[in-house]
Amino acid sequence: MTLLFILFLLASVTCQFIPDPRQYQTSVLIGTRLFSFGGYSGKPEYTKETVILDLSKSFYTSHPTWSRDTKGTAPLSSEFSTSCLSPIDTSTVYIIGGVSYDEASSSFVKPSLVYTFNSIDSTWSPFTTSGFTTFDSNTSNVYNDMQAIMRHGLIYIFGGTNTPSPQESNLTTISTIITTMNILNTKKMTWLFFNFTDTPTPREAYTATLLKSGYIVYIGGTEKPNGASNETSVNMNNIPIFDTDDLTWISMTASGDTVGSRNSHSAVLTNDGKIIIFGGQSGYGFVHVSPDLAILDTNSNPYKWIIPSISTANAPPPLAGHSSILYKNYMILIFGRQTTIQPIIGTVPLMNNQVYLFDVEKSVWVSNFKSNSSGKYTISYIGIIATIFSLLIVFDWNWLLLL
């Protein structure tokens, strides 16, 4: 009986699902589940996987509560998509744009501009829309590296790139940046686009954060000023803001600490109106940026950058192309690729599949996630299983030798 129990525990430990490392996936929080769609995995190119991190259970970062949504496999493998959750039904996810790869033909393909994912039954559907700037289903152009924000049934997308006939080697060399603000009315399935006289310089690989006021705050990325032949890094003190109520742009010059320019970083909004950014790359080639973590205080006028002093214990490596969300008092980081001092040449295996946790109230990286609001920590079942298994091996070793 004891042997059977040991074998059961061993099977439970070894069967824990650990997703492959990946980068440039798109992620969204639905209730207590963090969904992540697609991304570049290098097996051989992109992945169709939908993976879920269960936040209803406590866990150590060494044993996160991942699962694979086997029914929710995407129609196409993709990276550089953007996603947002409908605030109306809180179950429909809109996945927009991206670069897609067909494994059967070993070639890049043009996906539908918009898909919906029903998180209740894990089904995907093309969402037919019209009116997106220069979008033409008869061309090979794909739209990617943009960030969607949804409010009151409207999806706002500024900038991003238009890439004809994409290949992995030319995504950053043949793309042109979209200059307009595209707004999707999800009820009418129609895009409207605006190009105001005070529109910021077009950009890609930025972060977009919706404040409670209805302002969308854009941070970082790369831009192409009028007449420029090449893209340049956005000055981090240059903070364009879009007012979704008045449909106007506001230009903000942030004060405070000096934050290095970056793209492919992440951002979350805390309950007290602060935007925490993490990681990113300088230019292209996954070059490390400094600092790794910075805070933009939107309560100040003008907004103010703060570089906090944080212990490196339990901290992640420098990352770009990762995802981050805020859940309760945790900023949760998943996936991405490590950045280095020198540009990465070729396919270096530095992609990440670890989960990292930053306690935004205590300003410290932690190694355990506490799901219950009372603050009491429930040890993960995997941890219990591993401990019991070790004890049984010690106490029953002599008994096992007699079998």
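Predicted model: local features only at pLDDT ≥ 70, side-chain atom pairs only at ≥ 80, totals over all residues.

1. Now for the chain in totals. Of its 403 residues, 52% count as buried. The accessible surface comes to about 18100 Å², and carbon and sulfur atoms hold 55% of that. Among contacts with a separation of 6 or more, 58% are between residues 24 or more positions apart.

2. Next, the aromatic rings. A pair of rings is described by the distance of the centres and the angle of the planes. The count here comes to 29 aromatic pairs. Take F59 and F369: their ring centres are 4.9 Å apart and their planes stand at 25°, which is under the 30 degrees needed, so the pair is stacked. F59 belongs to strand β4 (residues 59–60) and F369 to strand β38 (residues 368–369), so this pair ties together parts that are 310 residues apart in sequence. F59 is buried, with a relative accessible area of 0%, and F369 is buried with a value of 0% as well.

3. Compare that with F158 and Y218. Their ring centres are 5.8 Å apart and the planes are at 70°, over the 60 degrees required, so this pair is edge-to-face. F158 sits in strand β15 (residues 154–158) and Y218 in strand β22 (residues 215–219), which puts the two 60 residues apart. Both F158 and Y218 are buried. The two also belong to a cluster linked by ring pairs, together with Y156, F194, F196, Y206, F242 and W249.

4. Rings can have charged partners here too. The charged end of R22 sits over the ring of F335, 4.9 Å from its centre. In another case, the charged end of R337 sits over the ring of F286, 5.2 Å from the centre.

5. Which strands form it, and in what order? Four strands make an open, antiparallel sheet in the order β14-β15-β18-β19. β14 (148–151) and β19 (190–194) are at the edges with a single partner strand each, so one side of each has no neighbour in the sheet. On average, neighbouring strands are turned by 25° against each other, direction ignored.

6. A closer look at one pairing in that sheet: β14 and β15 pair in the antiparallel sense over four bridges. There, R151 stands opposite L154 in β15.

Terms used
Residues numbered from 1 in each chain as written. Heavy atoms only, no water. Buried < 20%, exposed > 50% of the residue type's maximum accessible area, 1.4 Å probe, protein only. Contact = heavy atoms within 4.5 Å. Areas by Shrake-Rupley, 256 points an atom, 1.4 Å probe, with all protein chains shown as cover. Phe/Tyr/Trp six-rings, centres within 6.5 Å; stacked < 30°, edge-to-face > 60°. Lys NZ or Arg CZ within 6 Å of the ring centre and 35° of its normal. Pairing = 2+ DSSP bridges. Axes fitted to C-alpha atoms, helices over the stretch in contact; angles between N-to-C directions.
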